[in-house]
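Let's take a walk through a protein model together, starting from one residue and ending with the whole chain. Have a look at the picture below before reading on.

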Amino acid sequence: MKIIELKKSVTASNDADAAALQSELAGKGILMVNIMSSAGSGKTTLLERIIEDLGRTVRIGVIEADIDASVDAERIEQLGARSIQAHTDGMCHVDAGMTRAALDEMGSNDLDMIFLENVGNLICPAEYATGSHLGVMLLSVPEGDDKPLKYPLMFSTSDALVITKTDALEYFSFDMEKCMQRARSLNDKIRIFPVSAKTGNGMKEFEEYLLAEMKSLKQV
């Protein structure tokens with residue numbers, strides 16, 4: 001397993017760098033998905049489920065971005081997917097230059113779908129373009145249904161919201177309808193998928209969404 005130490009991009013034009021990377025990946029028919037959430041919402045567990053469900057037919061790579069440690073990349077590699085652990089030198093986000101550096105080290109030309117598991121917080125990752133085609137944010141049931149009110153930028157800029165750990169709904173006062181309504185008030189185009197990676201409930205719908213986006217990209 002590779003570990004790469006990332007430094008913040010020295011270029012001021014991160015949006016331009018992100019657009020260039022996005023275009024390059026699209027030209028190769030590779031879908032990149034930026035997974036964002038607070039720490040502990042279940043990003044790695046969700047990715048493990050996706051790899052188990054789709055890995056036989058879809059060539060998947062994962063960039064695991066963390067301030068330190070390598071446990072998440074090790075979990076991904078055990079499932080047979082390609083992965084790289086990217087340390088962010090203390091920064092709470094990944095930008096386009098950092099993403100490109102990780103892709104260059106991991107190798108991507110023979111992949112169909114790449115997931116960037118961004119650093120765990122609901123603020124910084126929403127502010128930096130990475131070159132991804134989809135921005136997917138996770139919100140776990142234990143975090144509460146009021147997060148759209150507290151972190152509006154993350155909800156307003158994401159393409160999809162995955163509400164995780166729905167198998168724990170009976171143990172928390174989480175109002176699903178209220179949460180969905182709050183998210184859509186910030187972003188009327190956001191796709192919402194309540195799921196449990198543990199039980200598999202709702203995963204088919206989310207995976208079909210990813211596959212449709214991948215197919216659409218390959219046809220361009």
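D53 touches M203 and E207 (a contact means heavy atoms within 4.5 Å), leaving aside residues up to four places away in sequence. This is a predicted model, in which local features need pLDDT of at least 70 and side-chain atom pairs count only at pLDDT 80 or more, while totals for chains, interfaces and linings use all residues. Residues are numbered from 1 along each chain as its sequence is written, and side-chain values use heavy atoms, with hydrogens and water left out.

Where does D53 sit? You will find D53 in helix α2, which covers residues 43-54; helices (H or I, at least four residues) and strands (E, at least two) are DSSP runs, numbered from the N terminus. D53 is partly exposed, with a relative accessible area of 33%. Here, buried means under 20% relative accessible area, exposed over 50%, and partly exposed in between, using a 1.4 Å probe and protein chains only. Several residues of α2 are buried, among them L46, L47, I50, I51 and L54.

Now step back to the protein chain, which has eight helices and eight strands. Its radius of gyration (taken over C-alpha atoms) is 16 Å, close to the 17 Å that the globule rule (2.2 Å times the number of residues to the power 0.38) gives for 220 residues, so the chain is as compact as a globular protein of that length. Of these 220 residues, 54% count as buried. The C-alpha atoms fill a box of roughly 45 × 40 × 35 Å, taken along the principal axes.
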